[in-house]
Amino acid sequence: LLENLLADLQQSSVERAETGVDMIRTASVDLTELSEKVRAFDDAIDRIDTVDNVELSSVIGALVTEYGEEFPEADINITGDDVAVTGDREVLRVIFQIPIENALQHCEAPELSISVTAPSSRSDRAVVSIKDDGPGIPELEKRSLEKAQETPTAHSTGIGLWTMQWLTRRIGGAVSVAENTHGGTTVELELPISFESKQALSSE
């Protein structure tokens, strides 16, 4: 009986130890990912005042190719107009990377649709809509975006969505987030178009 009891105790200790190791590994991965996001945000801040003409299809297409290789089970569709916006390519990459990565990481077989809409005659902003079929945005993060608090401390465990909103606003754009009727989330990013795109649209 004593031998069986000691065996049970030993097994229990091993299981607890293994659980602890798994938790440490998970925390380590989370910290690494957070560190990478902070580094990307820091780099983007350094480039935030750079003003170039950036083709949206080029930036979004490169990200879709990259994530398509990392998430081969994902179904990613891109539609819409070919338009250039003002800003820095790497800043725009960080902005788009956040909602795309969020959508792909939180679904087993994600479906993601990305559409680009050129502005109407009364607007000087292009709209990039990123729609997914995931579990939606946690309430705490949603409130942080809705209140437009310029502090990442209100953002639950990361700085992703807050970073997306902060960078978008700094380049003259806007962000809106809505829940889809049948599940999932739609993130809309309004971005100022370039002078060349504005001229091309006005001549059509």
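Biologist: What is the mean pLDDT of the chain?

Modeller: The structure is a predicted model, and 68% of the residues of the chain reach a pLDDT of 70 or more. Over residues 152-158 the pLDDT is below 50, although this stretch has 14 contacts in the model beyond near neighbours in sequence. For the chain, the mean pLDDT is 77.

Biologist: How many helices and strands does the chain have?

Modeller: Along the sequence, the elements follow the pattern α-β-α-β-β-α-β-β-α-α-β-β-α. The secondary structure of the chain comes to 6 helices and 7 strands.

Biologist: Among contacts between residues at least 6 apart in sequence, what percentage join residues at least 24 apart?

Modeller: The chain has 204 residues, of which 37% count as buried. Among contacts between residues at least 6 apart in sequence, the share that joins residues at least 24 apart is 69%.

Biologist: Is Trp 162 buried or exposed?

Modeller: A residue counts as buried under 20% relative accessible area. Trp 162 has a relative accessible area of 9%, so Trp 162 is buried.

Biologist: Which residue forms an aromatic pair with Trp 162, stacked at 25° between the planes?

Modeller: A search of the whole structure finds 2 aromatic pairs. In the pair that includes Trp 162, the rings are 6.4 Å apart, centre to centre. The partner of Trp 162 is Trp 166.

Biologist: Is the pair of Tyr 67 and Phe 71 stacked or tilted?

Modeller: Tyr 67 and Phe 71 are both buried. Planes under 30 degrees apart count as stacked, and those over 60 as edge-to-face. The ring centres of Tyr 67 and Phe 71 are 6.3 Å apart and the planes are at 35°, so the pair is tilted.

Biologist: How many nonpolar, polar and charged residues make up the contact of α3 with α5?

Modeller: Helix α3, residues 89-105, has an axis that comes within 9 Å of that of α5 and crosses it at roughly 145°. The crossing is left-handed. In this contact, residues of α3 including Val 91, Ile 95 and Asn 102 meet residues of α5, among them Leu 161, Met 164 and Thr 168. The residues of the contact divide into 8 nonpolar, 4 polar and no charged.

Biologist: What is the relative accessibility of Val 128?

Modeller: Val 128 lies in strand β5, residues 125-132. Beyond its neighbours within four places in sequence, Val 128 is in contact with residues including Leu 56, Phe 96, Val 187 and Leu 191. Val 116, 12 residues away along the chain, has its C-alpha atom 4.6 Å from that of Val 128. Val 128 counts as buried because its relative accessibility is 0%.

Biologist: Is Thr 185 buried or exposed?

Modeller: Thr 185 is found in strand β7, which covers residues 185-192. Leaving aside neighbours within four places in sequence, the contacts of Thr 185 include Ile 130, Asp 132, Gly 136 and Val 177. Its relative accessibility is 4%, so Thr 185 counts as buried.

Technical notes
Residues numbered from 1 in each chain as written. Predicted model: local features only at pLDDT ≥ 70, side-chain atom pairs only at ≥ 80, totals over all residues. Heavy atoms only, no water. pLDDT = per-residue confidence, 0-100. Contact = heavy atoms within 4.5 Å. Phe/Tyr/Trp six-rings, centres within 6.5 Å; stacked < 30°, edge-to-face > 60°. Buried < 20%, exposed > 50% of the residue type's maximum accessible area, 1.4 Å probe, protein only. Axes fitted to C-alpha atoms, helices over the stretch in contact; angles between N-to-C directions. Helix = DSSP H or I, 4+ residues; strand = E, 2+ residues; numbered from the N terminus. Left-handed = near helix turned anticlockwise from the far one by under 90°. Nonpolar A, V, L, I, M, F, W, Y, C, P; charged D, E, K, R; others polar.
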